[in-house]
Amino acid sequence: MEAVDAGLLIEWGVKAFILAFALITGFAYTTFYERRLAARIQVRVGPNRAGPGGFLQPAADGIKLFFKEEFTPASAYKAVFILAPIITVIPALIILAVVPFGTAIELFGREISLGIADINVGVLYILSVASISVYGIVLAGWSSNNKYSMMGGLRSSAQMLSYELSLGLAFVPPILMAGSMSLMDIVEAQRGLWYIAYPNMFLGAIIFYIAMLAEVNRSPFDMPEAEQELTAGYHTEYSGMKFSLFFMGEYIKMIAVSAIFATLFLGGFRGPGIDSYPLLGPLYLLLKIIGSLGIMIWLRATLPRFRYDRLMDFGWKFLLPLSLANVFLTAVIIVVFGL
């Protein structure tokens, strides 16, 4: 087996550290973004006390959670109870390892790619990692030994099964159009025109967006929490930093799926002047992520929650057949028009 260049190992380590730091910081300020934007939509004030314009509110929340007493129920399965939040947050941190943030740049005499890994099965990596975090939610519900938590965990697993199929099929049209499962190849295939501009791909983008909302348990698909029915759902018995890890996982996944959505349908890091100024790539991708997060927040602030049976019906009876039809339509367009 060939020895790996020490410089390459350092490069991977530094990029992984930067990505993890960016995601954790993004988690903190996505909560602030949501609270301010939702307040604006609902004609409220939102956080405005901690720091200028409430900008230090995430730091205040973090300090509060750090010092908050953690409580473990006496009847809980303690090892699993402690492990569940970790299982939830780790997939969210590693899923973006295959997403490109820009083209390569020259730095310290080395060509540095703006991404951790470009593998030829990047889409399969995303699908496999995305389906792991539901284990953390299910195990949290089961290990709490609480009927409300258990119901929340069961709802999450049923919801994931329903919408994972549509999500997986929504990946197929971009793969067919680009002829590759590498995310870098999919971005490069959108040099001339973003995929969302094609009618079939626009439909695919809508299907993908709905399915990813269900995947990250965001309103109107937040049935695993449903405080009116389940108190707080799967995390009812959690407090302190364990509680915060679940929400860290949720908000980091919001950022991650927004980055994946932008990569598949909005040209990823592509934008004006990117070939001349490669460092514009991460900026363009960031702006697209912020726009996608804004839509998620807007939906949460305005739409009521689905009734559970209707949520399942929508996934199996409408979204899945529609995503299958869109795959067929894309294949026909490629054959007929030679795209």
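1. Salt bridges. The model is a predicted one, in which local features need pLDDT of at least 70 and side-chain atom pairs count only at pLDDT 80 or more, while totals for chains, interfaces and linings use all residues. The count comes to 11 salt bridges, a salt bridge being a side-chain nitrogen of Lys or Arg within 4 Å of a carboxyl oxygen of Asp or Glu. Residues are numbered from 1 along each chain as its sequence is written, and side-chain values use heavy atoms, with hydrogens and water left out.

2. Glutamate 34 and arginine 218. These two form a salt bridge whose closest N and O atoms are 2.6 Å apart. The pair links distant parts of the chain, 184 residues apart: glutamate 34 is in helix H1 (residues 6-41), and arginine 218 is in the loop between helix H8 (199-215) and helix H9 (227-230). Helices here are DSSP runs (H or I, at least four residues), numbered from the N terminus. Glutamate 34 is buried, at 5% relative accessible area, and arginine 218 is buried at 2%. Buried means under 20% relative accessible area, exposed over 50%, and partly exposed in between (1.4 Å probe, protein chains only).

3. Arginine 218 and glutamate 250. The side chain of arginine 218 also meets that of glutamate 250 in a salt bridge (3.5 Å, N to O). Glutamate 250 lies in helix H10 (residues 240-265) and arginine 218 in the H8-H9 loop, so the pair ties together parts 32 residues apart in sequence. Both residues are buried.

4. Aspartate 222 and arginine 305. The closest N and O atoms of this salt bridge are 3.0 Å apart. Aspartate 222 lies in the loop between H8 and H9, and arginine 305 in the loop between helix H11 (280-302) and helix H12 (308-337), so parts 83 residues apart in sequence are tied together. Aspartate 222 is buried, with a relative accessible area of 10%, whereas arginine 305 is partly exposed at 22%.

5. Network. Through shared partners, salt bridges join Glu34, Arg218, Glu250 and Arg300 into one network.

6. Helix H3. This helix (residues 78-94) has 17 residues and reaches 26 Å from its first C-alpha to its last, close to the 24 Å expected at 1.5 Å a residue; the expected span is 1.5 Å times one less than the number of residues. A kink of about 25° lies at alanine 84, shortly before proline 85. The bend at a residue is the angle between axes fitted to the seven residues ending there and the seven starting there. Both Ala84 and Pro85 are among the buried residues of H3, which also include Phe81, Thr88, Val89, Pro91 and Ala92.

How values were computed: Helices (H or I, at least four residues) and strands (E, at least two) are DSSP runs, numbered from the N terminus.
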